[in-house]
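Dear colleague,

I am handing over a structure that you have not worked with before, together with some notes on what was found in it. Please open it first and keep it beside you while you read on.

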Amino acid sequence: MLYSIATVCLSGTLREKINAIAAAGFRGIEIFENDLITHDGPVSEIRRMVEDHGLEIVTYQPFRDFEGMPEPLRQKAFARAERKFDLMAQLGTDLLMVCSNVNPQALGGIQRATDDLHELGERAQARGLRIAYEALAWARHVHDYRDAWEIVRRTDHPHVGLCLDTFHTYSRGTELDTLLNIPGDRIFLVQMADAPRLSMDHLSWSRHYRCFPGQGELDLGRFMTHLQATGYGGPLSLEIFNDQFRAGSAHKTAADGYRSLVYINRTAEARQAQAARPLPDVTPPAEIQFIEFAINDTEKQALTTLLQQLGFHHAGTHHKKAVELWRQGQVNLVMNLEPDSFAQRYHQQRGVSVCAFGLGCQGVEALVERAALLGYPPLHGNPETDTHGIPAISGPGDALLYLVDEAIEPAHWEREFVWHETAEPLAYLSRVDHIATSMSHEEMLHSVLLYRALFNMQGTPSVDVSDPGGLVKSQVMQTPDHAVCFTLNSSQARNTVSGHILDRYAGTGVNHIALQTSDIFAMAERLRRQGTPTMQVTENYYDDLGARFSHLPDELLARLRKYGILYDEDGNGVFFQLFTRMFAGRFCVEIVQRQGYQGFGVPNAQVRMTMQARELVQ
Ligand code: MG
């Protein structure tokens, strides 16, 4: 299939959009009327730009208010169409996309629409052009692809075909099985868009929240299976109206768009072997094996103190570099102070940060190949200095995601580090539960696609959480067995905790690292004995908790209150959370105890963010 994208998806001038679209690897482009109108040169120049970039214009769109118009508006609509045909001849495209009529004056009736489209087909044929007819979800009469197909079928004209748009189909919850009965050669164009599931009017939902396949919550894999059954071989084109995309970097958005098509079309590519190398299957990562901090000397002293208080011990030192490994249970924390390293360059730009994660993976070779095919270039470090030999890709916020081969772990630790004799290690904390990262909305969409397309991770529906400074959107990306979880938080409001974190990091950054314990009260008592401050929680929180969970024994409630521990329940079990104070105003450690509980304490997020916001202004 020819991969294509509509100019409306991207920011910038038409010239910038064409550059970004070609650079991302697309071969097709949909020219939107607004981009053509606002271009400051002749139409012939647009045609030349497109051709010079090796692109093909798959359609010119949209053509509105056409079918079902009463006279004299009907004749005016045909006159408008003839002018569009003139323009298409100059542009060098043969397909006009007609979307179903939203005009209040439009008259209903399948046969009336059929007659109009048949006449349009005749006129198009006379000029060697074609018409693709699309059912808009909010159209006056034809808002269902099955009705649009019935009109196209009755038109029985070789120059009139169907345009399918996944958003219009899914947003109305239309069944897909009828698609199986449509011959692929009667479909002239397929437009792909994903979206979060929202309850709002179709038009606003479409105009502001569409996103690339893999970034939203629609089951587009099912649509692709049905589409393949029709035998369709035409363009697969992205048509995304999204506020973030139109404000973000055209090149980064276009690159995400291209990889979203490679990802959503992976089964067809593998079956038809159109791609020389179809996307290899991969197993989701098994664990977060290490977390690496970019840090300077002063910050290292403070972080060392915090880690010791949490029960970590200095397990090893790199045999050549200024890199220390701190360990407890299966949690490995790396502090990197090596001059002229990725970590130190990261530190110069962003200050103390988490600059890398190690993901324990099976089949790293297949993952590296999949990353390359998806356009996430695998990085192999400097062979002189980076002797660990672990490949990485650039992840959210440009932090490195190392792909650590589970089969050879722990060989890289043994080889690279000098080990320290220590007393019996403490075991308050056992493993990484999840990592929460603050990022912009645009980066959140980028990250969701990366975790899903590359690692086969799954997303939960995003939720809005109230922060004293505004709303924060939160979404979890996790492996099916929940072994690796990232919670992503974004906010448009600068005064939220997420907004502050973004400011401090000058971009994406870790907000908290959640570590599991099997006895949160023992951990809390240890912190208290050492005088380690933890996040303060209001008295009102516990009064409310007692009311919400009236079955909680008074004694348990008193202990939660004493240590500032948050509590929640779901259908599977119970959950305890304890937060350290923010480190350098950027991140904290969350200690969690899960007893069957599957969530991430969303009901407690508001109190957590409120308390953290107070810490940040102190
Ligand atoms: Mg469309």
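Two cis prolines

Pro72 is found in the loop between strand E3 and helix H4 (73-91), and the peptide bond that leads from Glu71 to Pro72 is cis, with omega near 5°. Please keep in mind throughout that this is a predicted model. There is also a cis peptide bond from Gln61 to Pro62, with omega near -5°, and Pro62 has its place in strand E3, which covers residues 56-63. Both are worth a look on screen, because most peptide bonds are trans.

The backbone at His482

A further backbone feature is His482, whose phi is near 65°, a positive value in a residue other than glycine. His482 sits in the loop between strand E20 (470-478) and strand E21 (485-490).

The magnesium site

Which residues coordinate the magnesium ion? They are Glu134 (OE), Asp165 (OD), Gln191 (OE1) and Glu239 (OE), at 2.1 to 2.2 Å, and along the chain these donors follow the spacing E-x30-D-x25-Q-x47-E. Gln191, in strand E7 (residues 187-192), and Glu239, in the loop between strand E8 (236-238) and helix H10 (243-247), are 48 residues apart, and this pair links distant parts of the chain.

Domains, and the contact between two of them

The domain assignment of the protein chain gives domain 1 (3-278), domain 2 (287-419) and domain 3 (429-617). The C-alpha centres of domain 2 and domain 3 lie 23 Å apart, and the contact between these two domains takes 36 residues from domain 2 and 36 residues from domain 3. About 3,100 Å² is buried between domain 2 and domain 3, and carbon and sulfur atoms give 73% of that area. The count of salt bridges between domain 2 and domain 3 is zero, whereas 12 residue pairs are in polar contact between them.

On the side of domain 2 that touches domain 3, the elements that give two or more residues include strand E9 (287-294), helix H13 (297-309), strand E13 (353-361) and helix H15 (364-373). Helix H13 gives the most to this side of domain 2, with six residues. By type, the residues on this side divide into 21 nonpolar, 11 polar and four charged.

Arg431 and its surroundings

Arg431 is found in strand E17, which covers residues 429-439. Leaving aside residues up to four places away in sequence, Arg431 touches Ala286, Gln330, Val331, Ala483, Ala514, Leu515 and Gln516. Arg431 and Thr304 are 127 residues apart in sequence and 19 Å apart in space, C-alpha to C-alpha.

Salt bridges

How many salt bridges does the structure hold? The count is 31, and one example to look up is the pair Glu119 and Arg123, whose side chains meet in a salt bridge at 3.0 Å, N to O. Glu119 and Arg123 both lie in helix H5 (residues 110-126), where they are four residues apart, about one turn of the helix.

With kind regards

Methods. Residues numbered from 1 in each chain as written. Predicted model: local features only at pLDDT ≥ 70, side-chain atom pairs only at ≥ 80, totals over all residues. Heavy atoms only, no water. Domains from an automatic or database assignment. Contact = heavy atoms within 4.5 Å. Buried area = accessible area lost by both parts, 1.4 Å probe. Salt bridge = Lys/Arg side-chain N within 4 Å of Asp/Glu carboxyl O. Polar contact = N/O pair within 3.5 Å; in protein donor to acceptor, adjacent residues only side chain to side chain. Nonpolar A, V, L, I, M, F, W, Y, C, P; charged D, E, K, R; others polar. Donors = N, O, S within 2.8 Å, 3.2 Å for Na, K, Ca; no water.
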